[in-house]
Every structure is written in C-alpha cells, then in structure tokens.
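Trainee: I would like to learn how to read the features of a protein model. Could you take me through one?

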Amino acid sequence: MSRRALLLPPGGTVAAGAYGSSTAVPVLTVGVDGKIIAASTATISAGVVGTSQQLTAPPTVANWSWTNQGSATATDQTGTIFLQDQLTGTSTISWRILRRALASAPYTYTVGIIPQPCITNYMAVGIGLRDSGTGKLVLMVREHNSNPSIGVVKYTNETTFSAWYSSNPYNFGDGGGIIWFQVSDNSTNRIWRVSLDGVNFLEVLSTTNTDFCTPNQICLVTESRNGAMKAGGLIVSYAVS
C-alpha cells in the first residue's frame, strides 16, 4: 500500500487561483514506511488550488548533528529528510534529536512534516528547542496516546520528562497529510502554532521566551516507546524567517 502526495520542488509556490488551465505538477508516491518510491507528474484541473503554500527544502542531514541517536536514522530523500526511530522494545523515554544552531530572536521556524501513521501509543514526531548547556528541551509533537494529538511538553533532558504545558493536548486526527509545526520568538514571547494548510495557524501555546529554558538549538525529534512500531516522519519543508 502506498499514498500519493502533491509536492512542489524546493522553494516552489502554488498561489491561489494560479491555475487558469490544466497544469502538470510533480507527484511523489510514498510507501507506508514513509520512503519515496516513485516520482511522476499529475495534471491539476483549472481552479482546484485555493490557498498559497510554499515548500522549502530542509538542510541536508550533513548540516545537522545528533543527540541520543541510538538506532534512529535520518536520510536525505529528494529535497526532504526521512527521520525514523527504530524499534526500541522498551517503554523508556528516549527522544532522538537532530539539532542545529538556533537563529537569534526575532525568528519564526515553520516545518512541514508528514508523520508516520499512528498505529499504537507513544509514536511521536515534531520539532523542539534545546538548551545545549543544560540539555533541557521544549517540544511540540504529534504523539499518539489513545488518540493522535498535538501538544507542547517539557523535558529535563532527552530521557527525563518534566511536564506537559497542557494536560489536554489538541486531538489531531491522523489524516496522512502534512502537519505544519511553527515556533516563533518575538524577543519577548515564545509562541507555538500548528496548521494543516501551512497558511492558517492555530496558536497552541504562548510563554515568555525564557520559560523553563533559554534555548540555543532548533531540533527535529522523534520517539517510539512501543516495541511494535517504528515512529518518525518525512520532513518536506523547513523555513526560517
């Protein structure tokens, strides 16, 4: 079984009303393991695109560093990164972290991820901020715990839970498309948002920008605390402004 996704080349744009006539665009076929297995084109009929959306290729894996890699893998795939946590066979917390230097505030990071299907509990993928001095993390992840949900959570380090910011994370269905994760620092507040179209964002949380930690790294994260399934996702877009 596989699924097909309409994707643009890195940096490409689909603008509202852009297609006045039928247009051939790239299509990627993605297997159930998240890997791209075929590339082709499809024809979009006039008038089917209603919002503007841009995909920006993430920096290649060589431009990231690991914390607590374990058996996790990250693979460059045609302008994307496939991040996956291998089977752990344990219920122990163990975040797999790709990290790089954080921009100076003010900044906004917007990351588009196609998560692995949530089939069982404790499969998670998302983004985070990390303080390299203390190891503290603040993460916004799509995690399965009875239901797929989006929430912001604090960790003392990659293996030690601190607290959820909210005891009731947003339920977020497993639709199989891109989830857009966004974190901003306006030099006063740290703001976490999420979107399904990459244009209209829902604010999940706002705190002071030094709450819990003072980060200096941006992270891509995944975790699988269930020995039955691999977790992760395809990072299809990564933009900094």
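The dialogue below goes from the whole chain to single residues.

Mentor: This is a predicted model, in which local features need pLDDT of at least 70, side-chain atom pairs count only at pLDDT 80 or more, and totals for chains, interfaces and linings use all residues. Residues are numbered from 1 along each chain as its sequence is written, and side-chain values use heavy atoms, with hydrogens and water left out.

Trainee: How many helices and strands does the protein have?

Mentor: Helices (H or I, at least four residues) and strands (E, at least two) are DSSP runs, numbered from the N terminus. The protein has zero helices and 20 strands.

Trainee: What percentage of the residues count as buried?

Mentor: Buried means under 20% relative accessible area, exposed means over 50%, and partly exposed is in between (1.4 Å probe, protein chains only). Of the 241 residues, 47% count as buried.

Trainee: Which residues touch the most other members of the largest nonpolar core?

Mentor: A nonpolar core is a set of buried Ala, Val, Leu, Ile, Met, Phe, Trp, Tyr and Cys residues joined through side-chain atoms within 4.5 Å. The largest one has 30 residues, and I127, W192 and L220 touch the most other members. Strand β10 (residues 107-115) gives the most to this core, with four residues. There is also a second, separate core of 11 residues, with V141, V153, Y155 and C219 included.

Trainee: What does I127 touch?

Mentor: Contact means heavy atoms within 4.5 Å. Leaving aside neighbours within four places in sequence, the contacts of I127 include V111, F181, W192 and L220.

Trainee: How many salt bridges are there?

Mentor: Side chains of opposite charge can pair when their charged atoms come close. A salt bridge is a side-chain nitrogen of Lys or Arg within 4 Å of a carboxyl oxygen of Asp or Glu. By this rule the count is one salt bridge. The side chains of R96 and D85 form it, at 3.2 Å from N to O. The pair links distant parts of the chain, with R96 in strand β9 and D85 in strand β8 (residues 80-85), 11 residues apart.

Trainee: Are R96 and D85 buried or exposed?

Mentor: R96 counts as buried because its relative accessibility is 8%. D85 is at 0%, so D85 counts as buried too.

Trainee: Where is N209, in a strand or in a loop?

Mentor: N209 lies in the loop between β18 (202-208) and β19 (217-224). Its relative accessible area is 18%, so N209 is buried.

Trainee: Which side chain makes a polar contact with that of N209?

Mentor: A polar contact is a pair of N or O atoms within 3.5 Å; within protein, one must be able to donate a hydrogen and the other to accept it, and residues adjacent in sequence count only if both atoms are side-chain atoms. The side chain of N209 has such a contact with that of D185, at 3.2 Å. A polar atom of the N209 side chain also lies 3.4 Å from the backbone oxygen of S187.

Trainee: What is the phi of S187?

Mentor: Most residues other than glycine have a negative phi, and most peptide bonds are trans. S187 has a positive phi, near 80°, and lies in the loop between β16 (179-185) and β17 (189-195). F212 has a positive phi of about 70° and is not a glycine. F212 is in the loop between β18 and β19.

Trainee: Which residues does a cis peptide bond join?

Mentor: A cis peptide bond joins A105 and P106, with omega about 5°. P106 is in the loop between β9 (96-101) and β10.
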